[in-house]
Amino acid sequence: MSKYAAGIIADFLRTKPSCVLGLATGSTPIGTYRELIKLHREGLDFSQVKTFNLDEYLGAGIDLSKPYELDQSYARFMHEEFFKHLNIKQENIHIPDGLTGEPGEFCRWYEKEIERAGGIDLQLLGIGGDGHWAFNEPGSSIGSRTRIIPLTRQTMDDNYESFFKKAKIKREDMPHHAITMGIETILEAKQLLMIANGKKKAKVIARALQGPVTSKITASAIQLYKGKATVVLDKEAASELEI
């Protein structure tokens, strides 16, 4: 899954070296990023690429003075897992500012920055255990834009186990809100690439791709997408699909 998805991104980058990539965090895309790092070492050039990340915890920001495992910001995740291994320019990296003092104003600015960049050419997406895209939790509007959103209990539980527990952060002390691109913002990308792996994602993948379009499964909005959308799954994640 990771190698195939990285190949799609690399081919796109070779065709348009100055492309704008939308990027995701979480455990699923790590393999794809590692494959892209390998391709970069073989000559894949990121010097003209611009990136926009989907989301960040409100109240979190990168702190390079901390060990990686103690910095739970998505900005640090992207730095360690991807950006520091590439020849990408720092000024071309855009990640929501979880430490902003004016979250509403920042969200409007982020939307304008995407527009100024010419829009996102290729958006990489995962899917949450409850079917969410980015931090667009169940109930999010299809017409939503970049905004502040409260996190559901399931998302907090999933992220606590994956990221905060190992840092010995108490569950009640982890962020309860996030900045996220909205569903409409995502659907405005020129291409979508959604990836998922593992049996635990099988049911929600089936609901997103073959069930009704519903705000309860925000990734089901992919069925409304008018551009080119590619979904890359391993056999376990695809096991509940009716084909």
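**Note on the pockets and the cavity**

1. The largest pocket is lined by 26 residues, and G26, I127, G128, N159 and K201 are those that lie nearest its centre; a pocket here is an open set of points on a 1 Å grid over the protein atoms alone, with protein on both sides within 12 Å along at least five of seven lines, and lining residues have an atom within 4 Å of a point. Its space comes to about 600 Å³, a volume being the space filled by probe spheres set on the points, which are joined across faces, edges and corners.

2. The model is predicted, with local features needing pLDDT of at least 70 and side-chain atom pairs counting only at pLDDT 80 or more, while totals for chains, interfaces and linings use all residues. Residues are numbered from 1 along each chain as its sequence is written, and side-chain values use heavy atoms, with hydrogens and water left out.

3. Helix 5 (residues 153-164) gives the largest share of the lining of the largest pocket, namely 5 residues; helices (H or I, at least four residues) and strands (E, at least two) are DSSP runs, numbered from the N terminus.

4. The second largest pocket, with a volume of about 360 Å³, is lined by 23 residues, of which I62, A75, Q90, I93 and I95 lie nearest its centre. Two or more residues of this lining come from each of helix 3 (74-81), strand 4 (93-94) and helix 4 (103-116).

5. The structure also holds 1 cavity of 30 Å³ or more, a cavity being a set of points where a 1.4 Å probe fits but cannot get out. I9, L21, G22, L23, L122, Q123, L124 and L193 line the largest cavity, to which strand 1 (20-23) and strand 5 (122-125) each give two or more lining residues.
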